[in-house]
Amino acid sequence: MHVPWRRVASWHCNACGMCCRVYTPRLTAYEYLKPRSTGFVVEKAGRFYIRKIGGKCPFQSGRLCSLQNDLKPLACKTFPFVVRRKGEEEGLFELNGDEFYVYADTFCPNLKIKRDRRPAVAELVREAVMLFTGRGRLSRLTATIPETAKPQQPPRRLVMA
């Protein structure tokens, strides 16, 4: 179920991996071109999605995503937020004079809903909209592989001639 962003009290990604097991991200046409030769893309009604294998995303590595930066689909970068061009007033978010309608997927176990309508996650929503428009960089919306977990290059040996 999606709720307007103004109903969200808080959210953070703790890399539980639930979204990778349950959520089926829709790919943009450009994103479809990247992994299509891997066999991990499925088409449904003219739209493209990442194919689940064994009940999870094939790019899930442990609890994290092995796709980072430009390889990660927009739908994954912005999850649990969904940015649309049309919607209801409570989902309205304005950025640089443009109107967007932002909702949050209540499936995410780290999403906390509130009753009042005072904005609490405006900076996260701003990042989701910036990513949606191609003007932003990922910083707080999704878990990334920590520097300590990334493969390290072995030290180079100096050869004296």
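This is a predicted model: local features need pLDDT of at least 70, side-chain atom pairs count only at pLDDT 80 or more; totals for chains, interfaces and linings use all residues.
Residues are numbered from 1 along each chain as its sequence is written. Local features need pLDDT of at least 70 and side-chain atom pairs 80 or more, while totals for chains, interfaces and linings use all residues; side-chain values use heavy atoms, leaving out hydrogens and water.

**Exercise 1.** Find how many disulfides the structure holds.

*Solution.* Start with the cut-off: a disulfide is a pair of cysteine sulfur atoms within 2.5 Å. Then try Cys76, whose nearest cysteine sulfur, in Cys65, is 6.1 Å away. The count for the structure is 0.

**Exercise 2.** Decide whether the rings of Tyr32 and Phe48 are stacked or edge-to-face.

*Solution.* Rings of Phe, Tyr and Trp (its six-membered ring) pair if their centres lie within 6.5 Å; planes under 30 degrees apart are stacked, over 60 edge-to-face, and the rest tilted. Here the centres are 3.9 Å apart and the planes at 20 degrees, so the pair is stacked. Now place the residues: Tyr32 is in helix H2 and Phe48 in strand S5, 16 residues apart. (Helices, H or I of at least four residues, and strands, E of at least two, are DSSP runs numbered from the N terminus.)

**Exercise 3.** Classify Phe100 and Phe132 as buried, partly exposed or exposed.

*Solution.* Buried means under 20% relative accessible area, exposed over 50%, and partly exposed in between (1.4 Å probe, protein chains only). Phe100 has 0%, so Phe100 is buried. Phe132 has 30%, so Phe132 is partly exposed.
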